[in-house]
Amino acid sequence: MKRSCSSAFNSNTPAWLLLVLGLSLATGCLEVDSSRASGDAGVEGSPRDTDDDSSGSATDESRTSIGSSFGDDAGEGIGDSPSPLDGGIGSGANDDESKLDDVNDDPTPNSPGSPTDASAGDSPDDGEGPAGSLSCVPGEANACTCRNGKMGAQKCAPSGTSYTVCACAGDCGDGTMGVGEECDDGNLSDFDFCLNTCVAARCGDGVRGPGEACDDGNEDDDDECTTACRAPTCGNGVIDGLEQCDDANSDETDGCLSTCISSRCGDGNLGPGEECDDGNSVDDDACSNACVLPYCGDGVVNGGEGCDDGNRVDDDECSNACAIASCGNGKVESNEACDDGNDDDTDTCLSTCVAARCGDGVKASNEECDDGNTQSGDGCSVQCKTSVCGNGVVEDAEECDDGNTTQTDGCLNTCVAARCGDGIVGPGEECDDGNTNNDDACGNGCLPVSCGDKIVQAGEECDDGNTVNDDSCSNNCKLAVCGDGILHAGEECDDGNTNDTDACVACKNAICGDSHVQTSKEQCDDGNADDTDACVTCQLAKCGDGHVRAGEEECDDGNTDPGDGCEPDCTESLAVCGNGEVEFDEECDDANFDNTDGCTETCHFPTCGDGFVQPANGEDCDDENDVDGDGCNTDCITSGKILWHKTYNGPDNGHDDGRGIAINLDGDVIVVGASEVTGKAQEMFLWRLPPDGSSDGTSRTLDGVGAHNDILNDVAITSTNQLAVVGTYYTESTPNPGNRPYYGIFNSTLNLDWSDIGPDSGIGNGVVVDGSDNVYITGSIAGTSTDVWVRRFGLDQQVAWSGSFDYGKNSSCDNPSETGYALALSADGSFAYPVGSYGCGTVSGCLWRFNTTTGEYVANSDGCTRMWRQRDVSQSTASRGVVVAPEGDVFVAGSISSGGHLWHYRSTLCHLSSCHSPNCASSDWDVSVSTTGAIQAMARAPDGTLVVGGATSSNTGGVRKLDPSNGGPMWGTSSTFTGDDDLTHTAGIYGVAVDPAGYVYVTGSTAAATGGNRDIWVAKLAP
């Protein structure tokens, strides 16, 4: 609402007048309906009236319209629920909309809409006349409602039959221009010069006013109503709306048509740059689709043209005159070879425009004939000449034609080439008898016959046609024979005679043994190599020739010295060993039978292998054979003898243990284990010793975290001479502190390259390396209890896979423990075989099998969960060593309660009789290795024998070598391993290795010399 205040009204103005004028009693201000001023109210039928209520609303029913009160709650004109002041049609405070009556139901007497109101239900301010009988007091003032909702006044007409229009102060449309109004013409029409919003009409206000053809209320000059409120008109010189042009003229040739469309080719009007425009899309009529007049060469065949290829080439199929090429027009065109413009086929150009040639079947003036082919012998030559022998031209079937009658020049008079055998001596011939008889005076080569012409003729044995005299046919045409004095192939000599006593016998060089006595140097020749008969090396046998003649001589030493065992008459004389004299074949004779001195009882110098033990020469034994490992080796050293041993006592005199051993590529001995450090418990230890044990080598200790035992249990050597190690390491990291499997790579100088630990608590016990330097370790890892664990990794620390095995519940407990102690690989590297123990309380020795590519556990074909387990029903077992032979057989070493054992299984392995049977169904064999104690380690020697090491029940170490065919001992035969004194004080052997030469290396621990603790012990044993 806008408020307009006037000084003409003040507090002295009578209240009724203010009421009549509709002014505020408090302010004297006239309220103006801002919705009217803002253009909300429309006029019925105006361009802005878009609703369907036909009441003049500009938009929808929310806008005030004729027939509604400015105080109308809903703002609707017909049938609404109006305010109490609504004077609209059919409305009122109590209007019954269901009846849609025309009489205002306002019960106020004599007020608009009262029962006496004769209007058609309208408020008196409608301006409508009486609709029937109306009775009022002339001049009487009556209150009425203004459009702005305020109160105004109306008077009864002098006739007493109608009221005047409601007088409202400051209302747009009251005819008086108030504050904020540009005009007020006292009406509600939008089509005059003053809008019903009391705003002056103008172009662009959206209302079509006086003088405007249109008014779309926008500034777009290109639509259907211009900014000058005029509809676009073609020809006004202004490009309006959708016009492409507007040149304000009707000239259709200036580029803009009278329809205000730009001219174009094809519109039927000759525009700028066009030669023609026929308004169609036919390209071959009098005007092309490019609006160009047709011409020869435009590529379009137009009237009168035979062709039009669009080019300027005159000799193709369409000439530059647009005429189709044709033979006979005198012009060489397209594919024509010629065109002389005539039909004469005897000149150089035929009527087919093809150049005349010999063989075309048309006889030209320069041809003798032309039979249309290029064959000779048919009467017309390939030169189109008539065939005639002697004309100097080779024609038809003629071999030659020299144009003369000379018979000896290579071409006969018959035009046949001269040849040997034609009876005429021609060029190069010495004779020609006209026959094929090779045995007469003239050979078939037209040469006189002779030795060497390759023709065997009368008196000749052969004729090879060459001058080589020592082949099978000599230069005199005689066959080669032994004795002809010519050395031929296969002959060693040929002296031209048959004498077998000279240096050449049957064309072979005479030798001793050819059964022919060569008188110049041989006494005899019996044709054999027997040196005991009367002829020896082609000399007559005699005493002293060094050969004993059978039946004639007892001996023959090749000399005539007496007393040397063979007398000058070739009779034997006897030597006496022990007489103090070196006789005959004796090497020595010390006149005694002491085999330990420098001369044995056989009068020979002592040597290893002679069956006599010479301690002074370093011999332990001598079994007179060349077999190692049978108790006495080929070097006469006792099998299994300790060749050297070393001990290591750590700097703190604590417990030091050797756990694993290997031989590197340099032959050095590598030992791993643990050495006790004060305040730190046992720490990881590495030791490198020279192959001969000549020094204490080098060693190092690795400190772990805190006072916990950290131990290396095994070591293997890579192809790069690095050390792959495995053990156990204590970590204090949370949330799972404790022992973890440890593994890593050290270089050959014992320096660490890298190390890592397993993912959970557990230990690492065994390690092997394959030919590709893939490293495999085994031990245990935390699972439902403790599970056997296998991991494969590379030298670059990248883990290929980790595998584990959990047996699950058994009859003894819910979660039995599994632990791997050692492992071996199959020969092809496809499987890893860890061995260890399984169970809870009483345990069983077990072997598992893992796929080395995937790391998956591989069960037996019967579905059993382990490969096998070995346990006496009443005793515990444990598996500590494993070897897989090249053929696939598996050897497992370990112990049962009663002592050490070795089990052998074929490459197929055995299967459990049932998945929960306590014993393997069968094994090939098993043997007891020791009656007490346990086997802790095993290795395979190059010859296939097995070496095991361990400890007795009294903690005495032992080593034994076993036959792989039956497990029988080869050395170390006592029931408590070997009885070597140097092993009796060891606490146990835990690592075994064998070098390529078969020497055995072991490590373990021994009672320390002082302090009562343990020291690491290393030894080298004979094979």
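Visitor: Which hand does the link of C136 and C156 have, right or left?
Guide: The link of C136 and C156 is right-handed, with 60 degrees about the S-S bond. Keep in mind that this is a predicted model.

Visitor: Where in the chain do C136 and C156 sit?
Guide: They are 20 residues apart, and the pair links distant parts of the chain. C136 is in the loop between α2 (34-37) and β3 (141-145), while C156 is in the loop between β4 (151-155) and β5 (504-505).

Visitor: What is the S to S distance for C136 and C156?
Guide: The disulfide that joins C136 to C156 has an S to S distance of 1.6 Å.

Visitor: Are C136 and C156 buried or exposed?
Guide: Both C136 and C156 are buried.

Visitor: What kind of bond is a disulfide, anyway?
Guide: A covalent bond between the sulfur atoms of two cysteines.

Visitor: How many disulfides does the structure hold?
Guide: There are 30 disulfides in the structure. One of them is formed by C214 and C225, with sulfur atoms 2.1 Å apart. The link of C214 and C225 is right-handed, with 95 degrees about the S-S bond. Both C214 and C225 lie in the loop between β4 and β5, so the pair ties together parts that are 11 residues apart in sequence.

Visitor: And C276, which residue is it joined to?
Guide: A disulfide joins C276 to C287, S to S 2.0 Å. That link is right-handed too, with 90 degrees about the S-S bond. C276 and C287 each lie in the loop between β4 and β5, so this pair ties together parts 11 residues apart in sequence.

Visitor: Why does C276 count as buried?
Guide: Because its relative accessibility is 10%, and buried means under 20%. C287 is buried as well, with a relative accessible area of 3%.

Visitor: Changing topic: sheets. In what order do the 4 strands of the open sheet run?
Guide: The order is β18-β19-β20-β21, and the pairing is antiparallel. β18 (762-769) and β21 (799-805) are the edge strands, each pairing on one side only. From one strand to the next, the twist averages 20 degrees.

Visitor: How many bridges join β20 to β21?
Guide: Strand β20 (residues 786-793) is joined to β21 by 6 bridges. F793 stands opposite V799 in β21.

Visitor: What about rings? How many aromatic pairs are there?
Guide: The structure holds 12 aromatic pairs. Among them is the tilted pair of Y648 and F685, 4.4 Å centre to centre with 35 degrees between the planes. Y648 is in strand β9 (residues 642-648) and F685 in strand β12 (residues 681-689), 37 residues apart. Y648 is buried at a relative accessible area of 16%, and F685 counts as buried at 0% relative accessibility.

Guide: Y776 and W801 also form a tilted pair, 6.3 Å centre to centre with 55 degrees between the planes. Y776 is in strand β19 (residues 775-782) and W801 in strand β21, 25 residues apart. Y776 and W801 are both buried.

Visitor: Which residues form one aromatic cluster?
Guide: F805, W848, F850 and Y857.

Visitor: Last one. Which ring does the charged end of R849 sit over?
Guide: The charged end of R849 sits over the ring of F831, 5.1 Å from its centre. The charged end of K1020 sits over the ring of Y999, 4.6 Å from its centre.

Technical notes: Residues are numbered from 1 along each chain as its sequence is written. This is a predicted model: local features need pLDDT of at least 70, side-chain atom pairs count only at pLDDT 80 or more; totals for chains, interfaces and linings use all residues. Side-chain values use heavy atoms; hydrogens and water are left out. A disulfide is a pair of cysteine sulfur atoms within 2.5 Å. Helices (H or I, at least four residues) and strands (E, at least two) are DSSP runs, numbered from the N terminus. Buried means under 20% relative accessible area, exposed over 50%, partly exposed in between (1.4 Å probe, protein chains only). Two strands pair if DSSP finds at least two bridges between them. Axes are lines fitted to C-alpha atoms, for helices over the stretch in contact, and angles run from 0 to 180 degrees between N-to-C directions. Rings of Phe, Tyr and Trp (its six-membered ring) pair if their centres lie within 6.5 Å; planes under 30 degrees apart count as stacked, over 60 as edge-to-face and the rest as tilted. A charge sits over a ring if NZ of Lys or CZ of Arg is within 6 Å of the ring centre and within 35 degrees of the ring normal.
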